[in-house]
Amino acid sequence: MLAQVLGEFARAKINVIAMTMMDSVEHGVMRVIFETPERAREVLTRLNMPLNETEVLCVDLDNKPGALAAVAEKLAKNHINISYAYCTAGAKGGRTTGVLKVADVKKSTKVLQESYKKDSKSQPVIRRSQVSRN
């Protein structure tokens, strides 16, 4: 199933920015951040695959130990819950993209922007669409 779905994204020239997979006895979940979520939605719909879209916070970080921990600490200090997180090392310039499902994306963005004001390289970027295939 994964090969089929990824093959369809490739044929449609849809770039995957980040992805994670989990499997249970009952079903699998693929969480994906796309460069063009609208086109990915079309592909999944055409394949008759169930999907959900979720607002997540994507943070472009230095690819070094502790970078994602610093983000999690800043959010925790501001009482913002993280439901799940994953990251990729494939961001521009060797950086990493942390993907966080947070309780309040708007508040999280504000907290991180204020704390990273001095360092524009680590400004959080919000991608409004994460497509999950259940």
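The following paragraphs describe the fold of this protein and the packing of two of its helices, H3 and H4, in a predicted model.

Local features are reported only at pLDDT of at least 70 and side-chain atom pairs only at pLDDT 80 or more, whereas totals for chains, interfaces and linings use all residues. Residues are numbered from 1 along each chain as its sequence is written, and side-chain values use heavy atoms, with hydrogens and water left out.

The protein contains 4 helices and 6 strands, taken as DSSP runs (H or I of at least four residues for helices, E of at least two for strands) and numbered from the N terminus. Along the sequence these elements follow the order α-β-β-α-β-α-β-β-α-β. Of the 134 residues, 39% are buried, that is, under 20% relative accessible area with a 1.4 Å probe and protein chains only.

Helix H3 (residues 67-77) and helix H4 (residues 105-115) have axes that come within 10 Å and cross at roughly 115°; the axes are lines fitted to C-alpha atoms over the stretch in contact, and angles run from 0 to 180 degrees between N-to-C directions. Val71, Lys74 and Leu75 of H3 meet Ser108, Val111, Leu112 and Ser115 of H4, contact being heavy atoms within 4.5 Å.

Within H4, the buried residues are Val105, Ser108, Thr109, Val111 and Leu112. They lie on the same side of H4 because they cover an arc of only 165° around the axis, judged from the directions from the helix axis to the C-beta atoms. Lys106 and Lys110, on the other side of H4, are exposed (over 50% relative accessible area).
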